[in-house]
Structure formats: C-alpha cells, structure tokens
Amino acid sequence: MKRGVVKAVALNGAGIIHDTEIAMIGRTSEDVGEGLVDGTFGMARETAGFINGAIDLGFRKGMG
C-alpha cells in the first residue's frame with residue numbers, strides 16, 4: 001500500500017471481528033476449526049457488544 005501497488009483491501013465481517021479481538025486482548029478468541037465442529041465461536045457476545053457500542057456512540061455523536 002505504501003508503494004501504491006495495493007489501493008484497497010476488502011474484508012468480510014470476520015475482518016472487523018478479528019481486528020477488534022486482537023486490539024482488545026491481543027489475539028482472536030476462537031479456534032475456527034474446532035468451532036465449526038460444535039457450533040461455538042469465541043467471545044461473540046463481548047466482541048459484538050463492543051463493536052455495536054462503538055457504532056451507537058459514533059451515531060449519537062453525529063459521526064455517521
């Protein structure tokens with residue numbers, strides 16, 4: 001990106017979830033392979049609550 005070769009990076013919802021978890025606790029909260037077997041996925045409630053809280057706060061401050 002610094003050299004101008006890559007102009008953009010598009011991610012699915014997992015990008016924001018994993019970036020948030022890395023920022024919060026220094027790692028992601030799940031083992032995807034193991035979670036697929038039994039249907040459990042990390043700390044989804046905490047991560048989603050944090051992200052939705054940030055979105056709500058930004059909206060209330062008129063940021064979007």
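1. The buried residues of α1 pack against α3. They are Gly15, Thr20 and Glu21, where buried denotes a relative accessible area under 20%, exposed over 50%, and partly exposed the range in between (1.4 Å probe, protein chains only). Helices are DSSP runs of H or I with at least four residues, strands are E runs of at least two, and both are numbered from the N terminus.

2. The model is a predicted one, in which local features need pLDDT of at least 70 and side-chain atom pairs count only at pLDDT 80 or more, while totals for chains, interfaces and linings use all residues. Residue numbers start from 1 along each chain as its sequence is written, and side-chain values rest on heavy atoms, with hydrogens and water left out.

3. On the α3 side, Thr47 belongs to the helix spanning residues 44–60. Its relative accessibility is 2%, and Thr47 therefore counts as buried. Apart from neighbours within four places in sequence, Thr47 is in contact (heavy atoms within 4.5 Å) with Ile17, Thr20 and Glu21.

4. Ile17 is a residue of helix α1. With a relative accessible area of 37%, Ile17 is partly exposed. Once neighbours within four places in sequence are set aside, the contacts of Ile17 are Thr47 and Ile51. Between Ile17 and Gly58 the separation is 41 residues in sequence and 18 Å in space, C-alpha to C-alpha.

5. The geometry of helix α1 (residues 13–25) agrees with expectation, because its 13 residues at 1.5 Å each should span 18 Å and its end C-alpha atoms lie 19 Å apart. The expected span is 1.5 Å times one less than the number of residues.

6. Overall, the protein has 3 helices and 0 strands, in the order α-α-α from the N terminus. The radius of gyration is 15 Å, well over the 11 Å that the globule rule gives for 64 residues, so the protein is more spread out than a compact globule. That radius is taken over C-alpha atoms, and the rule is 2.2 Å times the number of residues to the power 0.38. Along the principal axes, the C-alpha atoms fill a box of roughly 40 × 35 × 20 Å.

7. Of the 64 residues in the protein, 12% are buried. The accessible surface (Shrake-Rupley method, 1.4 Å probe; for residues, only the protein chains shown count as cover) comes to about 5,300 Å², of which 61% belongs to carbon and sulfur atoms.
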